[in-house]
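I'd like to walk you through one structure, piece by piece, and you're welcome to follow along on the screen.

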Amino acid sequence: MSSFVMPTSSRFNGYASPAAVSTVGLRKSYGDKTVLDGIDLLIPAGSVFALLGPNGAGKTTVVKILSTLITADGGQIQVAGHDPAVDPQAVRGAIGVTGQFSAVDGLITGEENMLLMADLHHLSKREGRRVAAELLERFDLVEAAKKPASTYSGGMKRRLDIAMTLVGSPRIIFLDEPTTGLDPRSRHNMWQIIRELVSDGVTVFLTTQYLEEADELADRIAVLNDGRIAAQGTAEELKRLIPGGHVRLRFTDPAAYRSAASALRETTRDDEALSLQIPSDGSQRELRSLLDWLDSAGIEADELTVHTPDLDDVFFALTGSNQPNRNQEAVR
Ligand SMILES: Nc1ncnc2c1ncn2[C@@H]1O[C@H](COP(=O)(O)OP(=O)(O)O)[C@@H](O)[C@H]1O
Ligand SMILES: [Mg+2]
């Protein structure tokens, strides 16, 4: 698959924000297995960036390199104005990382975890207590603060983990799959937390396997596949990379299906499912003319669904994975 890199989003045109993170030609192999095969990323300060890819794509490897946990084999990297290979301490001072594997110590309480972080950041006892209390409050952990963290739910542990990361007031936060394994409610809570971080001016670099999450949160998305960035841009830009939407008509009466199929041009037929796909932008005007036409021809479809291209389509078109979960909206 050819690599396609979108130009910088219009949102960041004009006086471009300084890059919080950038990489050019980032490479990493384990033995003879190439995991990252030349990755170019540009993440403006104060934005949310989503690195999207299936399991094993190399997302965590990118996060580990950018957060100085491992070193790259090649390429230029800049995080908060520093090269992690040259000045890892400066990078560490500017970032916070919440990994797939939590830093939370289950044996001690949420509050003790927070105070430990405050100590690590050399805050005074008084300042540490103030910051811990404020963050526990902000992340809705006041009631749980005196209980061992091992008793927390998955969502609470993630919240504590992010709260601990914020003790050091990082300017850039790496969130490696922050919602994997969370129930829908905790996931939405996490999305809210991430949005609030950004409104405070923090740059968020998140990885996810969920297209919906990238679409919800990210200013820019890069699709990682086979060690390369298959596409990069805003959700809207990515959606424009693939063919447009369609309307799907489904019939139960074979005769109605056949007459519609022979009368409508430019349709894709599925004779087995008795369904027709008609290219459409999904606009009210196009839908109305289709419905008018069906009425006037005396044809009644049993179901009409509108499909506008979404990130699933982009993702699956770019990564060549299996059939996507179609996000269809029934209009009738
Ligand atoms: N320490 C390691 N040694 C060997 N292979 C590794 C190591 N870490 C990761 N890999 C391999 O690199 C690839 C990418 O892994 P990873 O970055 O964890 O992917 P993701 O986070 O997207 O699921 C996988 O094939 C994984 O098996
Ligand atoms: Mg990972």
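Let's start with one pair of residues: Arg27 stands opposite Gly74 in strand 4. Before we go on, please keep in mind that this is a predicted model.

That pair belongs to a wider pattern. Strand 1, residues 19-30, is joined to strand 4 by five bridges, and the two run antiparallel.

Which residues surround ligand 1? They are Tyr30, Lys33, Val35, Pro54, Asn55, Gly56, Ala57, Gly58, Lys59, Thr60 and Thr61. By type, this shell divides into four nonpolar, five polar and two charged residues. Helix 1 gives the largest share of the shell, three residues.

Let's look at some distances here. In the side chain of Thr61, an N or O atom is 2.6 Å from an oxygen atom of ligand 1. For Ala57, a backbone N or O atom lies 3.1 Å from an oxygen atom of the ligand. Asn55 uses its side chain: an N or O atom there is 3.3 Å from an oxygen atom of ligand 1. How much of the ligand does the protein cover? On its own, ligand 1 has 560 Å² of accessible area, and the protein covers 62% of that. The elements that give two or more residues to the shell are strand 2 (33-44) and helix 1 (59-66).

Six strands form an open sheet in the order 5-6-7-3-8-9, with mixed pairing. Which strands are at its edges? They are strand 5 (95-98) and strand 9 (228-233), and each pairs on one side only. The twist in this sheet averages 15° from one strand to the next.

Let's pick out one pairing. Strand 8, residues 220-225, runs antiparallel to strand 9, and five bridges join them. Within that pairing, Val223 has Ala231 in strand 9 as its bridge partner.

Helices pack on this sheet as well. Helix 5 (residues 154-166) touches strand 5 and strand 6 (172-176), and its direction makes about 165° with that of strand 5. Helix 11 (residues 311-319) touches strand 3 (48-52), strand 8 and strand 9, and its direction makes about 35° with that of strand 8.

How values were computed
Residues numbered from 1 in each chain as written. Chains lettered and ligands numbered in written order. Predicted model: local features only at pLDDT ≥ 70, side-chain atom pairs only at ≥ 80, totals over all residues. Heavy atoms only, no water. Near = heavy atom within 4 Å. Polar contact = N/O pair within 3.5 Å; in protein donor to acceptor, adjacent residues only side chain to side chain. Areas by Shrake-Rupley, 256 points an atom, 1.4 Å probe, with all protein chains shown as cover. Helix = DSSP H or I, 4+ residues; strand = E, 2+ residues; numbered from the N terminus. Nonpolar A, V, L, I, M, F, W, Y, C, P; charged D, E, K, R; others polar. Pairing = 2+ DSSP bridges. Axes fitted to C-alpha atoms, helices over the stretch in contact; angles between N-to-C directions. Contact = heavy atoms within 4.5 Å.
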